Amino acid sequence: MNNAEIYIGLMSGTSLDGVDAVIADFSGSMPRQLSEAHISFNPKLREELLELSTGEAKNELECAAKAGITLAQIYNDVVHAALQQANMRATEVLAIGCHGQTVRHRPEHGFTIQLGNPSLLAELTRITVVADFRSRDMAAGGHGAPLVPAFHYAVFHSPAEDRVIVNVGGIANLTYLPMTGDVTGFDSGPGNMLMDAWALRHLGQTFDTNGAWAMTGKLQISLLEALLQAPYFHQSPPKSTGREQFNLRWLEAQGIDAYLPQDVQRTLLELTARSIAHSIKTLSGPVQQVYLSGGGAKNQALSDTLQALLQGIPVATTNALGISPMDVEALAFAWLARQTMRGEPGNLPAVTGARHSAVLGAIYSK
């Protein structure tokens with residue numbers, strides 16, 4: 001492809017459902033998607049990653065190293081699936097942006113850990129890999145997250161509309177894109193993570209399709225109010241969170257065994273929606289439109305609940321902006337890899353709390 005700028009983005013998020021790959025050409029004013037692919041994690045790997053995330057893994061260092069190798073092999077498979085779908089060769093790709101799998105995020109202690117063995121991925125694919133995006137921002141005093149707001153600004157900002165982009169993955173994060181003025185963004189709290197964990201425990205399913213099970217339950221106001229007392233919801237940005245704060249052990253400490261499982265699920269859906277809506281209402285400027293991305297964008301019950309809470313602010317998905325909600329995060333890491341390869345900053349200090357903008361990531365040459 002003449003004058004093309006081809007990058008691949010890989011994203012495996014807090015939901016632990018698998019890895020998404022997107023191939024895109026960044027030579028135009030907007031990224032042009034060429035293909036996408038997804039590979040689900042098998043139950044064994046998902047359980048291993050969950051144990052590493054919660055600190056329950058035995059022989060933790062060895063388990064983490066082995067999981068990184070397994071992840072690199074899966075990343076290689078999804079890269080080749082995307083290349084095959086696009087009818088492209090590896091030599092046409094400038095770099096892979098690989099977020100890696102977060103198993104620990106402790107910005108209050110100055111560190112974050114993403115697994116994925118980028119050296120092995122570069123060896124397997126014979127494509128340059130950019131990884132470890134969060135550490136440089138954290139070294140500059142930031143949270144290392146969320147990182148996608150910089151991409152949101154690059155592709156979704158409009159001089160005609162004050163927008164909020166909400167990514168509902170395992171954790172939910174939002175980006176405020178005013179027509180004029182500074183971009184802001186932060187993690188609002190749990191997205192799908194608690195609902196997914198509860199559905200797995202009680203349904204044996206990795207998620208509650210369209211929130212259908214949740215809507216068979218009754219909202220428990222006393223439980224919701226207890227959950228909303230979590231200190232994170234009352235912190236001011238910049239802020240980011242993960243499984244370290246929101247997990248089943250935290251839920252169990254709230255006395256959830258006293259409720260019907262479907263009532264808990266309905267209340268968890270409300271928790272996600274209310275924490276997002278509250279975050280939007282606390283923004284410093286007006287909002288004309290909210291756009292959803294991530295797996296939660298497919299949860300109709302969640303979308304409907306959020307729409308009701310926002311009292312007239314329309315809620316759509318990023319499909320309306322030309323990018324599938326399931327591709328936004330992977331595409332963001334393709335863009336972040338491009339920023340790194342060009343020597344350009346990839347963070348927004350107003351979002352992460354870093355002292356300055358920085359070129360993110362480490363480069364593993366092919």
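This is a predicted model: local features need pLDDT of at least 70, side-chain atom pairs count only at pLDDT 80 or more; totals for chains, interfaces and linings use all residues.
# Helix pairs, sheets and backbone exceptions

Residues are numbered from 1 along each chain as its sequence is written, and side-chain values use heavy atoms, with hydrogens and water left out. Helices (H or I, at least four residues) and strands (E, at least two) are DSSP runs, numbered from the N terminus.

**Helix 6 on helix 9**

- Helix 6 covers residues 193–203, and its angle with helix 9 is about 165 degrees. The two axes lie 9 Å apart. Axes are lines fitted to C-alpha atoms, for helices over the stretch in contact, and angles run from 0 to 180 degrees between N-to-C directions.
- Helix 6 passes helix 9 in a left-handed crossing. Left-handed here means that the near helix is turned anticlockwise from the far one by less than a right angle; clockwise would be right-handed.
- Helix 6 contributes Leu-194, Met-195, Trp-198, Ala-199 and His-202 to the contact (heavy atoms within 4.5 Å). Helix 9 contributes Pro-261, Val-264, Gln-265, Leu-268, Leu-269, Leu-271 and Thr-272.
- By class, this contact of helix 6 with helix 9 has nine nonpolar, three polar and no charged residues. Ala, Val, Leu, Ile, Met, Phe, Trp, Tyr, Cys and Pro count as nonpolar, Asp, Glu, Lys and Arg as charged, and the others, Gly among them, as polar.

**Helix 1 on helix 2**

- Helix 1 (residues 43–54) packs on helix 2 (residues 60–86) at about 135 degrees, with axes 10 Å apart. The pair is therefore oblique.
- Helix 1 also makes a left-handed crossing with helix 2. Leu-45, Leu-49 and Leu-52 make the contact from helix 1. From helix 2 come Glu-60, Cys-63, Ala-64, Ala-67, Thr-70, Leu-71 and Ile-74.
- The contact of helix 1 with helix 2 divides into eight nonpolar, one polar and one charged residues.

- Five strands form an open sheet in the order 10-9-8-11-12, with mixed pairing. Two strands pair if DSSP finds at least two bridges between them.
- Strand 10 (184–190) and strand 12 (315–317) are the edge strands, each pairing on one side only. Neighbouring strands are turned by 25 degrees against each other on average, direction ignored.
- Strand 11 (residues 289–293) pairs with strand 12 in the parallel sense over three bridges. Leu-292 has Thr-317 of strand 12 as its bridge partner.
- Helix 9 (residues 261–281) packs on this sheet and touches strand 8 (163–168), strand 9 (171–177), strand 10 and strand 11. The direction of helix 9 makes about 160 degrees with that of strand 10.
- Strand 9 and strand 10 pair in the antiparallel sense over six bridges. Leu-174 stands opposite Phe-186 in strand 10. Their hairpin has six residues between the strands, and Gly-181 there takes a positive phi near 105 degrees.
- Six of the seven residues of strand 10 are buried (under 20% relative accessible area; exposed is over 50%, partly exposed in between; 1.4 Å probe, protein chains only).

**Strand 1 and its partners**

- Strand 1 (residues 6–11) has six of its six residues buried. Ile-6, Ile-8 and Leu-10 are on one side, and Tyr-7, Gly-9 and Met-11 on the other.
- Strand 1 pairs with strand 2 (residues 18–25) in the antiparallel sense over six bridges. With strand 4 (residues 95–98) the pairing is parallel, over four bridges.
- Ile-8 has Ile-23 of strand 2 as bridge partner, and stands opposite Ile-96 in strand 4.
- Ile-23 is buried at 0% relative accessibility. Beyond its neighbours within four places in sequence, its contacts include Arg-32, Leu-34, Ala-82 and Met-88.

**Backbone exceptions**

- The peptide bond from Ala-145 to Pro-146 is cis, with omega near -10 degrees. Pro-146 lies in the loop between helix 4 (134–139) and helix 5 (148–156).
- Pro-237 and Pro-238 are joined by a cis peptide bond with omega about 0 degrees. Pro-238 sits in the loop between helix 7 (221–227) and helix 8 (248–252).
- Leu-16, in the loop between strand 1 and strand 2, has a positive phi near 60 degrees. Leu-16 is buried, with a relative accessible area of 1%.
- Arg-126 has a positive phi of about 60 degrees although it is not a glycine. Arg-126 lies between helix 3 (118–125) and strand 7 (129–131), and is partly exposed at 45% relative accessibility.

Note on methods. Angles under 35 degrees count as roughly parallel, over 145 as roughly antiparallel, 65 to 115 as roughly perpendicular and the rest as oblique.
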